[in-house]
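I'm going through helix packing and aromatic rings today.

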Amino acid sequence: MPGDYRSLITIDDQPTGELDYSGMHFALMYATLGMDTPMDDPYALAGYGEHLRGHIKKAFNIIVNCDSREEAIGAIDRRIRKGELSEELGNGKKLIQAFSEAHPLIKHKIASGEGIQGQFKESQIAEKVLLKGIDIGLCILPIHDGFITTKRDADILERLMNEAFQAVTGRTAKIKPE
């Protein structure tokens with residue numbers, strides 16, 4: 001369902017809200033080092049304006065699922081040529097360099113196939129949130145790396161999300177309303 005329509009979802013005639021993990025792949029990569037994500041916005045890169053954040057996020061999700069720098073550079077360059085990513089990003093090499101400089105502690109994980117491992121951990125986290133919701137009778141709808149429930153139950157959902165992330169990674173994650 002397109003994001004524009006999610007705010008129209010109701011559960012038992014109650015308005016809903018969406019919470020998601022902020023920078024999930026980053027949080028998972030830093031967690032493997034025994035750390036929480038050290039910055040508020042892991043997609044904020046030197047030399048790129050805020051207006052490019054959506055393109056940077058999309059590009060990172062491509063890069064993190066590539067097995068090598070060469071594959072990632074090619075994938076980003078193709079998407080820039082096709083107009084799927086902004087030309088203002090420059091090219092794949094420049095973007096990977098910017099991520100590496102912004103995240104020196106995890107630069108070895110960027111363009112290393114780490115995304116697949118992250119997706120598995122993300123599925124483990126989501127499973128824990130959803131099963132706990134079932135256990136306590138809370139209707140929770142999964143959306144990518146986030147969840148929807150009634151606004152009255154948002155605090156419970158946030159607690160479940162924190163507990164699930166902690167159980168899988170041993171760390172805490174930033175959770176934000178969408």
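Predicted model: local features only at pLDDT ≥ 70, side-chain atom pairs only at ≥ 80, totals over all residues.

Are α4 and α5 parallel or oblique to each other? Numbering runs from 1 along each chain as its sequence is written, and side-chain values use heavy atoms, with hydrogens and water left out.

**Entry 1: the helix pair.** I looked up helix α4 (residues 69–82) and helix α5 (residues 92–102), and they pack at about 120° with axes 8 Å apart. Helices here are DSSP runs (H or I, at least four residues), strands likewise (E, at least two), both numbered from the N terminus. The axes are lines fitted to C-alpha atoms, for helices over the stretch in contact, and the angles run from 0 to 180 degrees between N-to-C directions. So α4 and α5 are oblique to each other; under 35 degrees counts as roughly parallel, over 145 as roughly antiparallel, 65 to 115 as roughly perpendicular, and the rest as oblique.

Next I listed who touches whom, with contact meaning heavy atoms within 4.5 Å. From α4 I have R69, A72, I73, I76 and D77, meeting G92, K93, L95, I96 and S100 of α5. Sorted by class, that contact has five nonpolar, two polar and three charged residues. The classes: Ala, Val, Leu, Ile, Met, Phe, Trp, Tyr, Cys and Pro are nonpolar, Asp, Glu, Lys and Arg are charged, and the others, Gly among them, are polar.

**Entry 2: the rings.** My search of the whole structure turned up six aromatic pairs. Rings of Phe, Tyr and Trp (its six-membered ring) pair if their centres lie within 6.5 Å; planes under 30 degrees apart are stacked, over 60 edge-to-face, the rest tilted. F26 and F60 have ring centres 4.2 Å apart and planes at 20°, so I logged that pair as stacked. F26 sits in helix α2 (residues 24–31) and F60 in helix α3 (residues 53–63), 34 residues apart.

F60 also pairs with F99, tilted, at 4.8 Å centre to centre and 55° between the planes. F99 belongs to helix α5, 39 residues from F60. Both F60 and F99 are buried, under 20% relative accessible area with a 1.4 Å probe, protein chains only (exposed is over 50%, partly exposed in between). Ring pairs link F26, Y43, F60 and F99 into a cluster.

**Entry 3: α2.** I checked the cover on α2, and eight of its eight residues are buried. What covers them includes β2 (14–21), α3, α5, α6 (114–136) and α7 (154–169).
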